[in-house]
Amino acid sequence: MSETLGFIGLGAMGAPMVRRLLEAGHRVLAHDLNAVALAAAVSRGAEARGGTAAVAAEAETVLVSLPTPDAVRQVALGPGGLAEGGALRLYVDLSTTGARVAQAVAAGLAPRGVVALDAPVSGGVAGAEAGTLSVMAAGDRAAFDRIRPVLEVIGANTVFVGDKVGQGQTLKLVNNLLAATSWAAACEVLAMGAKAGLDPELMVGVINKSSGRSFATERFAAGPVLSRRFDFGFRMELMAKDMRLALEEAEALGLVMPTCSAAKLLYGLAMAQGAPGADVTELMRVTEGWAGTELAAARRNEA
Ligand code: NAD
């Protein structure tokens, strides 16, 4: 069934999600602070609105895909935000911004008769393009069941995590903390192999058929690093943000996370040395610098 949907945040993830929703026959009322991103969505069939409140004045269901907890708070509850739009009944947050902001936004919207679901996604820009994301939704079960067909346009693996708002966020943060930590470890060992003179392509290929393989070695090392394009499509600062949020939740639970905390330090050092806006796969380039080697150079030296 075709619906009128609001969508705020047309970035690396939001833009392909909106394209898929439009292709599935939905009407999308969109807003982004970035005029170029908004114009691109309009060229695909979305209708621009001048602000978030204007979107929520017309759309009963609004999805958001925003970079930070502050942006989510601002868009949902800030001046000119979604809470000021009279039509809004269901708010679905696809961003990764932690359980606490999800709960705060849900509490802020509830008195206005708005139900909030957190539904963070995993699978990267390629997953958003292909509609193969994992969607980890939590909150009111009936609201989830109603919006499920829409979520299934953007995700091939849509899971109801639990009825407590924020549980989707917690699962997503646990996943990303593991992905980020395994990428940090992969960078160190790949630099070690290159320094020892292993052929980088052969090394990554064998690892990806052996017990050391992971999403990081398969999707970060094999493509973006070996091609030297460093173009996975997820910024290092967003990965570091996810690690910070995850470790804050861990600390609130009284947990010590020595391995993940050490990995977070690596991202901090890498960002201090380069651009935080760099692709997450650039962590390999920074690690190569510390090791005094380069995956591509090691291959050339071998030849
Ligand atoms: P992005 O920075 O590319 O896009 C965010 C968009 O939000 C930008 O276009 C920005 O202009 C817009 N925006 C920011 N503040 C706004 C405001 N106040 N009002 C309106 N628009 C505003 O980020 P992204 O990579 O698309 O990620 C979005 C979310 O999805 C993040 O929480 C991220 O952690 C999560 N995520 C990203 C990936 C990925 O691979 N990129 C994967 C899974 C989850």
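In this predicted model, 17 residues of domain 1 are in contact with 15 residues of domain 2. Domain 1 covers residues 4–165 and domain 2 covers residues 170–291. Their C-alpha centres lie 28 Å apart.

**Buried area**

- The size of an interface is often expressed as the accessible area lost when the parts come together.
- Between domain 1 and domain 2, about 1,100 Å² is buried, and carbon and sulfur atoms give 62% of this area.
- Thr96, Arg100 and Met136 supply 35% of the area that domain 1 buries against domain 2, which is more than any other three residues supply.

**Polar and charged pairs**

- The interface of domain 1 and domain 2 holds 1 salt bridge.
- Arg100 forms a salt bridge with Glu248, and the closest N and O atoms of this pair are 2.9 Å apart.

- Helix 5 (99–109), strand 7 (121–122) and helix 6 (124–130) are the elements that give two or more residues to the side of domain 1 that touches domain 2.
- Helix 6 provides the largest share of that side, with 3 residues.
- By class, the side of domain 1 that touches domain 2 comprises 10 nonpolar, 6 polar and 1 charged residues.

Notes:
Residues numbered from 1 in each chain as written. Predicted model: local features only at pLDDT ≥ 70, side-chain atom pairs only at ≥ 80, totals over all residues. Heavy atoms only, no water. Domains from an automatic or database assignment. Contact = heavy atoms within 4.5 Å. Buried area = accessible area lost by both parts, 1.4 Å probe. Salt bridge = Lys/Arg side-chain N within 4 Å of Asp/Glu carboxyl O. Helix = DSSP H or I, 4+ residues; strand = E, 2+ residues; numbered from the N terminus. Nonpolar A, V, L, I, M, F, W, Y, C, P; charged D, E, K, R; others polar.
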